[in-house]
Amino acid sequence: MSQQKVYYFDNNATTRVAPEVVDAMVPFLREFWGNPSSAYQFGAQVHGHVEGAREKVAALVNADPKEISFTSCGTESNNTAIHSALVTTGKRHVITTRVEHSANINFGEFLERRGHEVTYLPVESDGSLDLHLLERSIRPDTAIVSVMYANNETGVVFPIEEVAAICRSQGVLSHTDAVQVPGKLPIDVRRLGVDFLSLSAHKLHASKGVGALYTKRRTKFSPYVFGGHQERGRRGGTESVANIVGFGRAAELAMASLEDENTRVRALRDRLESWILANIPNTVRNGAKEPRLPNTANIAFDFVEAEATLMLLDQLGICASSGSACTTGSLDPSHVLSAMGVPAMRARGSVRFSLGIYNTTEDVEYVIEHLPRIIQKLRDISPLNPAHPDNDKYDVEAARRKHEADLAAATGEAVSA
Ligand SMILES: *Cc1c(COP(=O)(O)O)cnc(C)c1O
């Protein structure tokens with residue numbers, strides 16, 4: 001594979017593996033490749049490094065190492081928490097939100113097909129959650145409430161401490177998907193008071209294929225992956241040693257980079273966002289300004305399709321996205337933006353820029369230099385644009401309706417008025 005310079009603005013999808021993390025991993029691929037469950041020294045010495053990584057990941061969220069189990073990814077951690085709650089409580093109702101990662105949405109749909117009931121809480125137009133509604137949605141047969149800590153598409157942060165307190169007062173388990181949070185906000189499971197919390201290594205500058213699930217001490221647990229006695233019986237499968245060791249190193253680095261992320265990276269994000277909103281007409285931010293992750297900007301560019309914008313950005317080596325990687329290539333507008341009541345047209349023109357510690361001022365200025373021309377070019381040829389030069393020959397509303405109908409036909413969704 002060849003590699004031109006990339007201007008990477010998709011850190012909520014995945015992150016560059018930190019060089020320090022690669023260095024920590026390599027010995028466990030080259031030399032110390034033994035099985036940590038083996039009795040002989042060559043394997044057993046590896047076990048110590050897995051436990052060292054567990055301590056570091058525990059420290060990242062202020063947990064006890066015994067409360068951390070390694071999984072294969074954030075998705076598995078989410079599925080495991082919900083599955084465990086259903087099994088240990090024997091109850092059948094799950095509460096989550098409409099703006100969760102597909103890890104939760106699609107697992108919820110599977111559970112519904114299997115006879116469970118799932119409530120997907122709506123959100124306000126700024127992406128925030130109505131806690132009274134959450135409280136009123138809890139039923140005697142509710143097993144668990146799963147609410148994400150920070151949204152991967154908009155960066156909007158939910159009040160997890162309050163969610164967990166409501167759950168505790170009603171005797172219901174709580175889980176939070178904190179995959180987007182490490183390195184961006186401090187995480188303290190003791191303060192949060194949740195029963196389960198999910199992490200994923202590749203969102204914090206470690207490798208893909210390893211995640212972690214925090215399970216509060218004394219919270220009943222039932223495994224999701226059955227096999228050997230790894231992870232103290234909580235998750236079968238030989239440990240992904242190099243990935244786990246890298247995850248441990250990345251956890252240390254994430255704590256150290258909190259300040260950079262909240263000063264320099266935040267300033268870069270703010271510069272990019274406020275420049276676009278001030279200088280490119282017909283743009284709006286999706287989601288509340290605060291509380292929000294310091295790295296994420298989700299901006300709607302009216303009268304253009306995000307897929308076209310992203311393609312032209314890509315030609316310049318700029319990586320951004322139209323929401324979650326999971327919806328790329330589909331005509332459906334983002335389920336997150338839809339849940340916020342963003343009209344489908346506007347949602348389909350929305351682009352997410354998610355920055356990280358490797359972004360520089362130069363990266364941001366490069367986007368600022370090129371973006372206006374890209375948007376102008378697309379608007380010039382867009383029949384959706386009221387300022388289209390052919391507008392007098394053109395019924396904009398009719399074009400808009402036809403466009404909506406075409407998309408509805410392609411996606412099978414209902415046409416909204
Ligand atoms: C990326 C992401 C996940 C999934 O993590 P994987 O390790 O890729 O399975 C889950 N939740 C959120 C909020 C994410 O951003």
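Analyst: A contact means that heavy atoms lie within 4.5 Å. This is a predicted model. Among contacts in the chain between residues at least 6 apart in sequence, those joining residues at least 24 apart make up 73%.

User: What percentage of the residues of the chain count as buried?

Analyst: Buried means under 20% relative accessible area. Of the 417 residues, 55% count as buried. The accessible surface of the chain comes to about 18100 Å², and carbon and sulfur atoms account for 54% of that surface.

User: How many helices and strands does the chain have?

Analyst: There are 14 helices and 12 strands in the chain.

User: Where in α13 does a kink lie?

Analyst: The kink, of about 30 degrees, is at H370, shortly before the proline P372.

User: Which residues form a nonpolar patch on the surface?

Analyst: Such a patch is made of residues with over 30% relative accessible area. Here W33, Y40 and F42 form one, with about 370 Å² of accessible area together. F42 belongs to helix α3, residues 41–61.

User: Why does F42 count as partly exposed?

Analyst: Partly exposed lies between the buried limit of 20% and the exposed limit of 50%. F42 counts as partly exposed because its relative accessibility is 31%.

How values were computed
Residues are numbered from 1 along each chain as its sequence is written. This is a predicted model: local features need pLDDT of at least 70, side-chain atom pairs count only at pLDDT 80 or more; totals for chains, interfaces and linings use all residues. Side-chain values use heavy atoms; hydrogens and water are left out. Helices (H or I, at least four residues) and strands (E, at least two) are DSSP runs, numbered from the N terminus. Buried means under 20% relative accessible area, exposed over 50%, partly exposed in between (1.4 Å probe, protein chains only). Accessible areas come from the Shrake-Rupley method with a 1.4 Å probe; for residues, only the protein chains shown count as cover. The bend at a residue is the angle between axes fitted to the seven residues ending there and the seven starting there. Patches are made of residues with over 30% relative accessible area and no salt bridge: like charges are joined within 9 Å, nonpolar side chains (Val, Leu, Ile, Met, Phe, Trp, Tyr) within 5 Å. A salt bridge is a side-chain nitrogen of Lys or Arg within 4 Å of a carboxyl oxygen of Asp or Glu.
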